[in-house]
Amino acid sequence: MHIRHATLDDEDALGRLDRVTWSTLHAVSPRPRPPYEPFYGERFGPRDHLVAELDGVLVGYIRLGFPTPLACNAHVRQIQGLVVAEEARGAGVGRALLRAVQEEARKLGARRITLRVLGHNAPARKLYESEGFTVEGVLPEEFLLDGAYVDDVFMGRSL
């Protein structure tokens with residue numbers, strides 16, 4: 001497995017990966033429909049993503065951003081997306097991306113890293129907890145997904 005920074009050339013593959021892995025287990029936005037929005041935009045570009053490759057094929061990404069635009073909050077980074085292709089799940093891709101992004105956040109001067117995860121996403125929550133993230137807050141029934149109310153769980157850890 002190889003973890004690297006994303007490039008402009010990764011945009012199409014990242015967009016496809018996002019579309020084929022879409023699920024209410026982790027997504028709160030509607031299922032993507034053609035014509036598809038570009039993967040990169042004003043808010044996030046290649047520099048905000050680490051990607052995982054297995055045998056030269058892109059099989060996952062993690063997005064790192066700021067939780068707010070405030071200077072007084074600039075010491076905190078937030079994971080704002082983690083996706084692993086179905087065929088690569090269970091191979092340690094998510095864990096490798098999570099560890100790499102924490103190292104990246106440290107290099108950028110962050111003291112803390114946070115994320116939000118849907119309460120019913122047990123596999124993701126288990127991964128985050130195994131990597132030292134703890135629940136720091138819960139917004140009960142924050143989202144209505146497929147007719148069911150789902151908690152929004154805020155997790156974080158010191159770097």
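Student: How do strand E1 and E2 pair?
Tutor: Strand E1 (residues 2-5) and E2 pair in the antiparallel sense, over 4 bridges. His 5 has Leu 50 as its bridge partner in E2. Strands here (E, at least two residues) and helices (H or I, at least four) are DSSP runs, numbered from the N terminus. Two strands count as paired if DSSP finds at least two bridges between them.

Student: And where do these numbers come from?
Tutor: This is a predicted model, where local features need pLDDT of at least 70 and side-chain atom pairs count only at pLDDT 80 or more, while totals for chains, interfaces and linings use all residues. Residues are numbered from 1 along each chain as its sequence is written, and side-chain values use heavy atoms, with hydrogens and water left out.

Student: Ok, back to E2. How many of its residues are buried?
Tutor: In E2, 5 of its 6 residues are buried, and the strand is mostly covered. Buried means under 20% relative accessible area, exposed means over 50%, and partly exposed is in between (1.4 Å probe, protein chains only).

Student: What about E2 and E3, how many bridges join them?
Tutor: 6 bridges, and the two strands run antiparallel. One of the pairs is Leu 54 with Val 57 in E3. E2 and E3 form a hairpin with 2 residues between them.

Student: Which residue in that turn has a positive phi?
Tutor: Asp 55, with a phi of about 50°. That is a positive value in a residue other than glycine. Asp 55 sits in the loop between E2 and E3.

Student: Is Asp 55 buried or exposed?
Tutor: Asp 55 counts as exposed, because its relative accessibility is 82%.

Student: Switching to the helix. Which residues of H1 are buried?
Tutor: In helix H1 (residues 11-20) they are Leu 14, Gly 15 and Leu 17. Looking down the axis of H1, these buried residues fall within an arc of 160°, so they line one face of the helix. The arc is that of the directions from the helix axis to the C-beta atoms.

Student: Why would residues three or four places apart point the same way?
Tutor: An α-helix has 3.6 residues a turn, so residues three or four places apart point the same way.

Student: What do the buried residues of H1 pack against?
Tutor: Strand E2 (49-54), strand E3 (57-65) and strand E4 (76-84). Contact here means heavy atoms within 4.5 Å. The face of H1 turned away from the buried side carries the exposed residues Asp 12 and Val 20.

Student: Where is Pro 35 found?
Tutor: Pro 35 is in the loop between H1 and E2. The peptide bond from Pro 34 to Pro 35 is cis, with omega near -5°.

Student: I clicked on Gln 80 in E4. Buried or exposed?
Tutor: Gln 80 is buried, with a relative accessible area of 19%. Its side chain makes a polar contact of 3.5 Å with the side chain of Arg 43. A polar contact is a pair of N or O atoms within 3.5 Å; within protein, one must be able to donate a hydrogen and the other to accept it, and residues adjacent in sequence count only if both atoms are side-chain atoms. Leaving aside neighbours within four places in sequence, Gln 80 also touches other residues, including Phe 44, Arg 63 and Phe 66.

Student: Which side chain does Asn 73 have a polar contact with?
Tutor: The side chain of Thr 68, at 2.8 Å. Asn 73 lies in the loop between E3 and E4, and Asn 73 is buried, with a relative accessible area of 17%. Not counting residues up to four places away in sequence, Asn 73 touches Pro 67 and Thr 68.

Student: What is the phi of Glu 141?
Tutor: Glu 141 has a positive phi of about 50° although it is not a glycine. Glu 141 lies in strand E6 (residues 134-145) and is exposed, with a relative accessible area of 53%.
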